[in-house]
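User: Can we go over the salt bridges in this one? Show me the structure and we'll start from there.

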Amino acid sequence: MKALLRRHPALDGVFVAHDPMAIGALETLQALGRRVPDDVAVIGFDDVADAASTSPPLTTVRQPLELMTEAMAELLLRRIDDASVDDEFVVSPTRLIHRASA
């Protein structure tokens, strides 16, 4: 986050690929005197348990991991049973969990 701000001091928002990294970005921004979300909006990805208890609570993207795991296991088992099965694709619902960081 520090390096990103050095390169782009007027940065007003970041989308971070993993909530623990986004939580670190929140902490760094606050330590540098940036107000979240007033100065810089922060959005994470994964909706880990700690995301709701950060200050401010982290806006994040949630995917249904249990549903995704079940679907991938089924695809794998079908492929194991029949190697000639064509590639299959599953699209899982994804939700933005809007909290106070963005």
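User: First up, D87: buried or exposed?

Analyst: D87 counts as exposed, at 57% relative accessibility. Exposed means over 50% relative accessible area, buried under 20%, and partly exposed in between (1.4 Å probe, protein chains only). This is a predicted model: local features need pLDDT of at least 70, side-chain atom pairs count only at pLDDT 80 or more, and totals for chains, interfaces and linings use all residues. Residues are numbered from 1 along each chain as its sequence is written, and side-chain values use heavy atoms, leaving out hydrogens and water.

User: Which side chain does D87 meet in a salt bridge?

Analyst: R79, at 2.8 Å, N to O. A salt bridge here is a side-chain nitrogen of Lys or Arg within 4 Å of a carboxyl oxygen of Asp or Glu. R79 is partly exposed, at 33%.

User: Which residues are joined into one network by shared partners?

Analyst: R35, D38 and D39.

User: How many salt bridges does the structure hold?

Analyst: Six. One of them joins R99 and D47, at 3.0 Å, N to O. That pair links distant parts of the chain, 52 residues apart. R99 is in the segment after β4 (95–97), and D47 sits in the loop between β2 (41–45) and β3 (59–62). Helices (H or I, at least four residues) and strands (E, at least two) are DSSP runs, numbered from the N terminus.

User: R99 and D47: buried or exposed?

Analyst: R99 is buried, and D47 is too.

User: What about E88, which side chain does it meet?

Analyst: R78, in a salt bridge at 3.0 Å, N to O. E88 lies in the loop between α3 (65–81) and β4, and R78 in helix α3, so the pair ties together parts 10 residues apart in sequence. E88 is partly exposed at 35%, and R78 is partly exposed at 38%.
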